[in-house]
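Subject: Structure handover

Hello,

Here is the structure for your files. Notes on what was found in it follow below.

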Amino acid sequence: MSSSFENSIDFAQKKDQQDSLSSFRNKFFIPQHEGHDCVYFCGNSLGLQPKNTTVYVNEELQDWARLGVEGHFKPKTGWFKYHELVRESIANVVGASPLEVAVMNHLTVNLHLLLVSFYRPTKDRYKIICEAGAFPSDRYALQSQARFHGFDPDDAIIELEPSKGSELISNEDILKAIDDCGDELALVMFGGVHYFTGQVLNMKLITDAAHEVGAYAGFDLAHAAGNLKLELHNWNVDFAAWCSYKYLNGGPGTVGGIFVNERHAKNPHLPRFAGWWGNDPETRFKMPHQFTPVLSADSWQLSNAPILELAALRASLELFDEATMDKLVSKSLELTSYLLFVIREVLKEKGKENLISVITPFEKQQQGCQLSLQFATDGKQIFDDLTRAGVIADWREPDQEGRGSGVIRVAPVPLYNSYVDAYRFGQLLKDAI
Ligand SMILES: *Cc1c(COP(=O)(O)O)cnc(C)c1O
């Protein structure tokens with residue numbers, strides 16, 4: 001791979017011509033800077049808007065205008081069953097069978113609803129293992145759940161620190177922590193991709209280890225859904241949740257999704273919070289007195305579905321269907337490898353090899369498109385220069401231990417980023433340093 005790369009515009013253009021997914025870029029609106037496309041490397045934070053989003057959303061607005069309440073049952077895309085239109089696609093994206101997924105609510109809300117079912121601590125088994133430096137919302141969710149059940153979060157939650165001298169959490173440390181906790185362990189919950197470092201965790205390994213000691217394993221897939229090849233069902237994961245506005249391009253704050261393993265989804269005795277949309281659809285409108293969960297992930301649904309958000313998500317998932325996760329992941333590896341190559345070439349050219357260290361263990365894990373670039377000096381200034389030149393990326397202040405001068409996260413997304421984007425990033429980085 002990288003030995004055959006060249007840091008030139010001709011080479012980047014040739015790569016784009018050979019790329020079977022290159023035409024997908026035209027299906028998105030690319031933000032503009034002084035008459036040119038921005039180098040948009042922020043799909044890990046907010047995915048771009050598919051051109052079809054307006055079409056799908058307008059369709060539902062028109063049906064509402066035309067039909068009022070009858071839009072629920074009108075033949076083609078009736079709202080009563082509208083969520084069925086995304087089921088298959090989202091199941092493919094996360095590697096689940098269709099009955100294991102539901103598209104509903106938002107990420108943190110969904111984590112809480114899943115914790116109701118999968119964190120039911122007892123006096124002896126009440127501990128949770130998660131990563132230190134988790135996304136704040138996930139931490140707040142876990143802490144408040146522990147408190148809600150009468151436990152002190154400092155006692156109940158074990159936050160795994162990265163190995164000494166590293167930004168990353170090792171498999172060995174995770175396995176040891178699970179083993180040490182043993183039958184006190186109720187739950188392991190990690191981000192599938194760490195939002196800051198871009199590290200991808202071995203979800204199968206963690207799930208197996210959790211099950212070994214009688215605990216559940218769940219994952220926050222905010223940075224994994226639409227980015228990695230996931231096989232939640234085959235990995236035997238108990239539950240997962242994600243948002244749809246990052247790699248899934250559903251639009252700001254749009255409806256999220258959950259995975260509940262078939263084993264649990266089909267078990268009517270597993271406690272869950274109930275609402276009418278989780279009731280068996282056959283009897284839902286008969287307004288029965290007794291809740292009968294539909295035996296699928298849908299039974300975690302509480303309220304009727306947000307149709308306009310689902311319409312926006314549908315526009316994007318259609319592109320995932322067309323492109324397929326296999327092809328996206330294979331382009332992602334090549335494109336991110338190329339970006340890494342370009343960055344290293346630029347640093348070499350400038351005689352500044354030590355200016356940037358790449359925290360993300362990209363070459364070791366070979367998956368996920370994000371690179372976290374830690375700057376030894378001048379991080380913020382370089383980031384601001386890049387922004388002024390039309391790069392949209394993401395800035396994180398230095399960590400609490402004060403290492404380096406902050407981190408720029410860049411995510412070349414295979415659906416709409418190009419090899420020319422990666423080349424242009426290199427040129428702008430060269431100007432900025
Ligand atoms: C983006 C993100 C969130 C955001 O949560 P919302 O409930 O959608 O606001 C939560 N956790 C992680 C790990 C994230 O990356």
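A salt bridge here is a side-chain nitrogen of Lys or Arg within 4 Å of a carboxyl oxygen of Asp or Glu. The structure holds 24 of these salt bridges. This is a predicted model, in which local features need pLDDT of at least 70 and side-chain atom pairs count only at pLDDT 80 or more, while totals for chains, interfaces and linings use all residues. Residues are numbered from 1 along each chain as its sequence is written, and side-chain values use heavy atoms, with hydrogens and water left out.

One of the salt bridges joins Arg 25 and Asp 37, with the closest N and O atoms 3.0 Å apart. Arg 25 lies in the loop between helix H1 (9-18) and strand S1 (32-33) and Asp 37 in strand S2 (residues 36-37), so the pair ties together parts 12 residues apart in sequence. Helices (H or I, at least four residues) and strands (E, at least two) are DSSP runs, numbered from the N terminus. Arg 25 is buried, at 16% relative accessible area, whereas Asp 37 is partly exposed, at 28%. Buried means under 20% relative accessible area, exposed over 50%, and partly exposed in between (1.4 Å probe, protein chains only). Arg 25, Asp 37 and Asp 421 are linked in a network of salt bridges.

Another salt bridge pairs Asp 385 with Arg 388 (2.6 Å, N to O). Both residues lie in helix H13 (residues 379-388), 3 residues apart, about one turn of the helix. Asp 385 is partly exposed, at 25%, and Arg 388 is exposed, at 58%.

Regards
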